[in-house]
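Work through the exercises below with the sequence and the model open beside you. Try each task before you read its solution.

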Amino acid sequence: KRRRIVLLGALVVGAAVAYSTLRGPGELVTVVIPEGSSLPQVAAILEDRDVVGSARLFHVYVRIRRADRRLQAGTYQLETGSSMASALRRLTRGEVVTVALSVPEGFAIWQMAPRIAAVTGMDEVEVKETLLAPPLADDAGVPGPTLEGYLFPETYFFAEGVPLGDVVDAMVGRYHEVWTPERRALLEASGLDEREVVTLASIIQAEARIVDEMPRISGVYHNRLDE
């Protein structure tokens, strides 16, 4: 009986591969796998978008590969007429569509909010109010009183509809990475605390029209602080 089951599985996999090969690759289509989707639902979505030719065959193929618990939700770009193996590989690896979030240096939270809202799908005002709420700064482990000055400017890549918390974690995480032991030593020698340095850096950046002006402006402020 066990040998018959193994043989049947091999025949199903072989049929699935042969069927996909005959159909051939086609055009790219957007496929959305909602959170909590079951294997039959995923298979039906793939068949509906013509990624696989048979939901039933894909269902059996995934079960034989014991990969049903590794399917990941998200938005994908897949080819119509894909092989079962290719579609399964993309879904288990979570190779979702990503969008870029570019935050230039010097941007305040009110300037970042529209860009973050576009990535998360949230309302722009809600994003701004959330980022400026003191509890979020406490949770992120930064001096506060808000996240202003602690969301590191860089280009990030996120899946569409990424939770705001994931965006904050990435941006604040990058901020923490910048504080190397060497920079921490310079901070201690400056006589300022972390919040004061971030505030001063923001002021200098806002006043400088070009990068070359920053050292001179910084010198002026430090001279005043030393008086």
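## Exercise 1: Backbone angles

Aspartate 50 counts as partly exposed because its relative accessibility is 39%, where buried means under 20% relative accessible area, exposed over 50%, and partly exposed in between, with a 1.4 Å probe and protein chains only. This is a predicted model, in which local features need pLDDT of at least 70 and side-chain atom pairs count only at pLDDT 80 or more, while totals for chains, interfaces and linings use all residues. Residues are numbered from 1 along each chain as its sequence is written, and side-chain values use heavy atoms, with hydrogens and water left out.

**Task.** Find where aspartate 50 and arginine 66 lie, and state the phi of aspartate 50 and of arginine 66.

**Solution.** Step one is to recall the general rule: most residues other than glycine have a negative phi, and most peptide bonds are trans. Arginine 66 counts as exposed, because its relative accessibility is 72%.

**Task.** Which peptide bond, from glycine 144 to proline 145, is cis or trans?

**Solution.** The bond from glycine 144 to proline 145 is cis, with omega near 10°. Proline 145 belongs to the loop between α7 (134-140) and β4.

## Exercise 2: Two helix pairs

**Task.** Describe how α2 and α3 pack, giving the angle and the distance between their axes.

**Solution.** Begin with the geometry: helix α2 (residues 39-48) and helix α3 (residues 55-64) pack at an angle of about 135°, with axes 8 Å apart. Axes are lines fitted to C-alpha atoms, for helices over the stretch in contact, and angles run from 0 to 180 degrees between N-to-C directions. Finally, list the residues in contact, meaning heavy atoms within 4.5 Å: α2 contributes Leu39, Pro40, Val42, Ala43, Ala44, Leu46 and Glu47, and α3 contributes Ala55, Phe58, His59, Val62 and Arg63. These residues divide into nine nonpolar, one polar and two charged, where Ala, Val, Leu, Ile, Met, Phe, Trp, Tyr, Cys and Pro count as nonpolar, Asp, Glu, Lys and Arg as charged, and the others, Gly among them, as polar.

**Task.** Carry out the analysis for α5 and α8.

**Solution.** The axes of α5 and α8 come within 10 Å and cross at roughly 125°, and α5 and α8 are therefore oblique to each other. In the contact, Met112, Ile116 and Thr120 of α5 meet Leu164, Val167 and Met171 of α8. The division here is five nonpolar, one polar and no charged.

## Exercise 3: The nonpolar cores

**Task.** How many residues does the largest nonpolar core have, and which have the most contacts inside it?

**Solution.** A nonpolar core is a set of buried Ala, Val, Leu, Ile, Met, Phe, Trp, Tyr and Cys residues joined through side-chain atoms within 4.5 Å. The largest has 27 residues, and those with the most contacts inside it are Leu101, Ile116, Leu131, Leu147, Leu151 and Met171. Two or more residues of this core come from each of α5 (109-120), α6 (124-131), β4 (155-159) and α8 (164-178). Apart from this core lies another, of 21 residues, including Val29, Val31, Ala43 and Val62. Looking back at isoleucine 116, and leaving aside neighbours within four places in sequence, its contacts are Leu101, Val127, Leu131, Leu164, Val167 and Met171.

## Exercise 4: A buried threonine

**Task.** Locate threonine 92 and name its contacts.

**Solution.** Threonine 92 is placed in helix α4 (residues 84-93) and counts as buried, because its relative accessibility is 15%. Leaving aside neighbours within four places in sequence, threonine 92 touches Ala67, Arg70, Leu71 and Gln72.

Methods. Helix = DSSP H or I, 4+ residues; strand = E, 2+ residues; numbered from the N terminus. Parallel < 35°, antiparallel > 145°, perpendicular 65-115°, else oblique.
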